[in-house]
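Let's take a look at a protein model together. Here are its sequence and structure.

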Amino acid sequence: MLLPALALLVAFTHYPAVATFIDSFMSTPKGNRPSTFVGLENYRIMVEDPIFWQSFRNNLWFALATIPLSVGLALAMALWVNARLSGQAFLRMAYFTPTVLPMIAVANIWLFFYTPTYGLLEQIGGMFGFPSHNWLGDKSTALGAITMVAIWKEAGFFMIFYLAALQGINPSLREAAAIEGAGRWFFFRRVLWPLLMPTTIFVLVNAVINAFRMVDHVVVMTRGGPDNATSLLLFHLYEVGFRYWDTGYAAAITVVLLVVLASVALAQFFLMDRKAHY
Amino acid sequence: MHAEAPTYRVPLWIRSLDHIGAWLLALIWILPLVYAVWTALHPQEFSAKFVLTAPLTLENFANAWKAAPFARYFLNTTLLVTLILGSQLVLCTLAAYAFARYEFRGKNILFSLVLIQLMIMPDILLVENYKTMSQLGLIDTLFGIGLPYFASAFAIFLLRQTFKQIPNELVEAAVMEGASTLQILWRVFVPLAKPVYIAFALVSVSYHWNNFLWPLVVTNSVNSRPLTVGLQVFASTDQGIDWSIITAATLLTAAPLLIAFLLFQRQFVQSFMRAGIK
């Protein structure tokens, strides 16, 4: 019963992970020259590749911006939806809708949104007298622009988990706090926040993984440009692997990504053990 | 929903502040989408001009539909999503049943091996998986796009969890009646796990409907391209094309999921919740 599922898992998860590691020490086969052992050559190429480092920096920046902002917004959204404000159904719909759209569609919509002189952002800016700006074409704003897209897409998804957790919290806690005269902020900081900790960790782990996995919008909106300003690790991997067909070097980049993901897994393991209150 | 029990007296101005904040965020969140719908529904000259009297038209959708083989793309995506979901349900049910109900040597190790896929998704390993697919001759086939996802660690995990909670008495009763293992699975376990199946199906369908990078890599013709890749090819090759048509195509791509979501909001939100809470 286990066999079919396990065989497929091994074939497409474990085997490629191990093969990637081995291939990262091998040269890229070219024509009739088979691949040979080259030691750390691929890693040397990587260390000397400025685009790799730029993608690495961009990815860190992207992660450090998307993670806290999308998780923070998700929490605010969940608290608001849970607070039974008027129009609750509309609020939930508005927050969650980006989640069900394909990233490709989202990227196209935002591409249009950002279009110079023509897009909505420009028009709103124009009304307030701001000069026209090419958000995606300018090196200094392009990464910020695609980060915004990722936050827009993700926050509603994370909101769901906070919402589920909030609905699972015993209402008598809130009553008790009210009777004790605890303020709203105090109640959030001392009661809700600790109770939400497992959810926060779960959401954080997902946010970190996504920060290293989301590239669809880069492919559509900027193709890594201008001047590699929006190239992320997985995008660089895709370019090296499938535009330059340098599979040896691509394997080395994959190993870096695997190390990142494995550290997230380990961190989660230890965090879950120590920090979570159940 | 419980009645509002004694809660702290939130001053009216704070309550209003909550309303303003929540609504402002919701409007900002929905704005890009509303803008896209506006553009798609109006003739090109109104695509960025907001006049209430602008004539409505469906022509952009018709033009987009004619401009690229979207009918074929729709068929491909539908087949692909069905194929993946079908295989996942069968394979993962069997594996989950084995993990939940049988004791065998190395069970825990095998289960941890399964869980690795939760961290290392096939997306990251695309270079190696591409090699495997070309060795198997599956490049540019729907089967090739779907194969790495047939065994889902996530499904195995969710189903195992559910199967474990099913009381043993039910199984014993079925055995007394002379039911075979497969009959027990089909008659007892599967019906009881129905909500989990629905939750997983929604998550899986939206994931694979929206998936992009891997299909982009393994396909190279109209015959196997799913919608997301088709949309990208359409939007990036026809440079001179106007935004009204691209936006219409974008909305077409997202429409089935979007409409399903708007109709079954509750089920969607609950499914995503159920899938996230472990």
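Below is a quick tour, topic by topic.

This is a predicted model, where local features need pLDDT of at least 70, side-chain atom pairs count only at pLDDT 80 or more, and totals for chains, interfaces and linings use all residues. Residues are numbered from 1 along each chain as its sequence is written, while chains are lettered from A and ligands numbered from 1 in the order in which they are written.

**Chain A**
- Chain A has 13 helices and zero strands; helices (H or I, at least four residues) and strands (E, at least two) are DSSP runs, numbered from the N terminus.
- Its C-alpha trace spans about 80 × 60 × 35 Å along the principal axes.
- Of the 278 residues in chain A, 44% are buried, meaning 20 or more other C-beta atoms, placed from the backbone, lie within 10 Å of a residue's own.

**Chain B**
- Domain 1 of chain B covers 12-57, and domain 2 covers 70-228 + 265-276; such bounds come from an automatic or database domain assignment.
- The centres of these two domains, taken over C-alpha atoms, are 38 Å apart.
- Helix 10 of chain B has buried residues that include F200(B), H208(B) and W209(B).

**Where the chains meet**
- 72 residues of chain B are in contact with 67 residues of chain A; contact means C-beta atoms, placed from the backbone, within 7 Å.
- On chain B's side, helix 1 (residues 12-41) gives the most, with 12 residues.

Notes: Buried ≥ 20, exposed ≤ 12 C-beta atoms within 10 Å, placed from the backbone. Contact = placed C-beta atoms within 7 Å.
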